[in-house]
Amino acid sequence: MPIHNADIAAILEEIADRLEIQGANPFRIRAYRNAARVVGEYGRSLRALIERGEDLTRLPGIGEDLAGRIREIAASGRCALLERLRRELPAGITDLLHVPGLGPKRVRLLYHDLDVQTLEQLYKAARDGRIRTLPGFGEKTELNILRAVEAHLGSTHRFKLATAAQYAESLVEHLEHARGVKRVEVAGSFRRMRETVGDLDILVTAGAGSDAMERFTGYDEIERVISAGSTRSSVVLRCGLQVDLRVVAEDAYGAALVYFTGSKAHNIALRSLAVAKGLKVNEYGVFEGARRIAGATEESVYAAAGLAWIPPELREDRGEIEAARAGTLPHLVELADLRGDLHAHSRASDGHDSLREMAAAAKARGFEYLAITEHSRRLAMAHGLDARRLAQQCEEIEALNAELQGITLLKGIEVDILEDGSLDLPDSALERLDLVVGAVHSRFDLTRAKQTARILRAMEHPRFDILAHPTGRLLDTREPYDVDMNAIIRQAARRGCALELNAHPERLDLLDSYCRMAKDEGVMVAIDSDAHSVADFDNLRFGIGQARRGWLSGADVLNTRSLAQLRKLLGRSGR
Ligand code: DGT
Ligand code: CA
Ligand code: CA
């Protein structure tokens with residue numbers, strides 16, 4: 001049974017949660033939490049790494065002890081420590097931790113005093129007015145809990161694109177081995193590269209006598225089969241992700257792919273356009289009366305409606321149909337267009353590979369350049385660099401560049417934007433750099449007016465080149481800070497700065513709608529990995545997906561430029 005990084009991360013996270021509820025040593029809890037994050041965000045399969053005999057203690061914060069646990073989980077899907085912890089406290093109790101306002105101490109108290117073990121029991125206890133009786137909980141807390149649980153129970157869980165990709169890719173590989181299978185494609189929001197997906201929609205074409213359906217419902221990662229038919233089945237994987245599979249006829253493949261790729265809004269717009277031409281479009285084809293006139297390929301379906309083929313990332317009914325009709329669809333940026341990466345960390349701050357290793361990995365991807373942008377001193381937790389250490393790194397980079405062939409390291413910094421909009425390093429320290437990436441890492445709670453003014457002021461700095469992860473959101477855990485993105489995009493246009501589209505699976509920040517706004521204002525976007533290890537460059541594909549959803553072409557993306565062109569752009573006039 002294949003164990004994915006996300007599975008290992010989930011187990012480590014649960015261990016951390018349970019240790020925390022039990023009031024274990026904070027260092028131990030933090031070690032598991034950190035490990036869960038590192039594993040979850042790691043770009044390559046740890047299982048494969050272990051099979052190759054590679055040393056896990058090279059990962060940041062992973063000692064012998066944790067490496068042993070990870071090996072155990074990767075080999076068996078289980079962890080003896082977690083099983084012991086699960087015997088000590090009830091199963092659903094970790095769900096309680098995810099209710100805003102409930103920390104481990106409170107969860108422990110709720111369990112001990114009120115025997116609350118599940119969200120449902122928590123809800124009931126709050127409704128019955130029992131929670132206000134506990135020490136440290138008032139009526140207001142009780143009401144907040146009630147609201148939070150209501151919101152939580154009513155919301156359905158979506159998977160981050162990169163997490164869904166891990167599950168989708170091994171399932172696709174499994175299906176490709178079925179007898180008589182010709183094509184396997186994941187459609188739906190996954191194909192449109194939405195930042196999160198609700199479920200997977202897989203299409204298969206197969207010859208007579210294929211065992212694709214049996215192979216699907218017999219997949220060993222399945223927790224439960226919801227429905228099973230000869231052309232259509234639905235299952236839930238152990239990780240909670242639902243997968244719908246449809247076997248479709250070869251000559252209707254294009255029509256089915258259009259239909260199940262969606263979005264629903266796009267389908268509806270496409271259908272009404274077809275109706276106006278006296279045609280009917282559905283998942284089986286395009287019909288003129290009873291006669292099918294198209295359907296084998298997506299191109300044929302769009303052509304029948306008088307349209308150019310529309311890339312899946314654009315299919316959201318945001319003007320793509322009109323553009324396809326007018327022949328003005330953008331030529332979307334592709335992964336192969338990137339010639340470098342402008343945001344990466346090494347061991348000097350919180351990355352875990354050396355400059356030399358990062359350079360080699362960037363070169364192996366065919367990059368011409370890689371900017372090293374460590375954190376600045378304010379971010380002490382991440383070993384941020386002060387002026388002295390930054391100068392030292394500049395020396396190292398210059399020495400390395402003199403020696404390296406086919407790749408250039410750029411001297412950069414991910415400098416903290418302080419609360420008043422000043423930068424965390426003196427001008428004299430920034431002078432020597434090839435580029436300055438600025439980022440907000442603190443005071444996410446400022447008012448909209450203050451947060452906006454802070455960032456606008458930072459962008460006024462003559463050395464400011466790129467605004468990193470502009471909205472600060474983290475997909476599962478942090479809302480974007482309250483900021484006027486219109487004003488920031490206009491400021492970028494005025495100042496000639498770029499905005500980053502951070503490709504980290506947890507960030508995917510710039511959002512697609514802002515990418516489009518940036519493009520319209522003539523602001524360039526830098527699609528960066530924010531790599532903390534050599535494996536993280538693999539995440540760039542998700543950044544590309546998001547950029548495509550934002551209608552970006554190669555020309556709109558800063559790091560599609562050659563090194564010479566990039567240098568010219570970074571040395572823009574007005575400095
Ligand atoms: P998700 O799963 O919530 O991330 O989003 P999707 O877009 O994958 O939606 P899903 O899985 O419900 O359905 C897959 C595709 O099937 C959807 O993108 C378009 C198509 N579809 C589903 N329901 C309808 C419908 O009622 N009308 C039309 N025209 N298309 C539909
Ligand atoms: Ca779906
Ligand atoms: Ca679906």
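Predicted model: local features only at pLDDT ≥ 70, side-chain atom pairs only at ≥ 80, totals over all residues.

Visitor: Which residues are the closest to the centre of the second largest pocket?

Guide: Of the 19 residues that line the second largest pocket, those closest to its centre are Arg192, Tyr259, Gly262, Ser263 and Lys264. Two or more lining residues come from each of helix H11 (188–191), strand S4 (199–206), strand S7 (242–247), helix H13 (253–261) and helix H14 (264–276), and H14 gives the most, with 4 residues. By class, this lining divides into 3 nonpolar, 7 polar and 9 charged residues.

Visitor: How many cavities of 30 Å³ or more does the structure hold?

Guide: Rolling a probe the size of a water molecule over the atoms shows where empty space is left. Here the structure holds 1 cavity of 30 Å³ or more, and the largest cavity has a volume of about 80 Å³. Its lining is made up of Ala255, Val258, Tyr259, Asn267, Leu270, Arg271, Val281, Asn282, Glu283 and Val301, with two or more residues given by each of H13, H14 and strand S8 (280–282). The lining of the largest cavity has 6 nonpolar, 2 polar and 2 charged residues.

Visitor: Which residues coordinate the calcium ion (ligand 2)?

Guide: The calcium ion (ligand 2) is coordinated by Asp199 (O), Asp199 (OD) and Asp201 (OD), at 2.2 to 2.7 Å. The site has 6 donor atoms, and with angles of 69 to 165 degrees among them it is irregular. Asp199 also bridges the calcium ion (ligand 2) and the calcium ion (ligand 3), which lie 3.8 Å apart.

Visitor: Are Asp199 and Asp201 buried or partly exposed, and why?

Guide: Asp199 counts as partly exposed because its relative accessibility is 21%, whereas Asp201, at 12% relative accessibility, counts as buried. The cut-off that separates the two is 20%, with buried meaning under that value.

Visitor: Which residues touch the most other members of the largest nonpolar core?

Guide: Leu499 and Ile527 touch the most other members of this core, which has 56 residues. Helix H17 (residues 355–364) gives the most to the core, with 5 residues. Another core, of 33 residues, lies apart from it and includes Leu161, Ala162, Val184 and Ile202.

Note on methods:
Residues numbered from 1 in each chain as written. Chains lettered and ligands numbered in written order. Heavy atoms only, no water. Donors = N, O, S within 2.8 Å, 3.2 Å for Na, K, Ca; no water. Tetrahedral: all angles 85-135°; square planar, octahedral: opposite > 155°, others 65-115°. Buried < 20%, exposed > 50% of the residue type's maximum accessible area, 1.4 Å probe, protein only. Core = buried A, V, L, I, M, F, W, Y, C linked by side-chain atoms within 4.5 Å. 1 Å grid on protein atoms, 1.4 Å probe; cavity = no way out; pocket = protein on both sides within 12 Å on 5 of 7 lines; lining within 4 Å. Nonpolar A, V, L, I, M, F, W, Y, C, P; charged D, E, K, R; others polar. Points joined across faces, edges and corners; volume = space filled by probe spheres on them.
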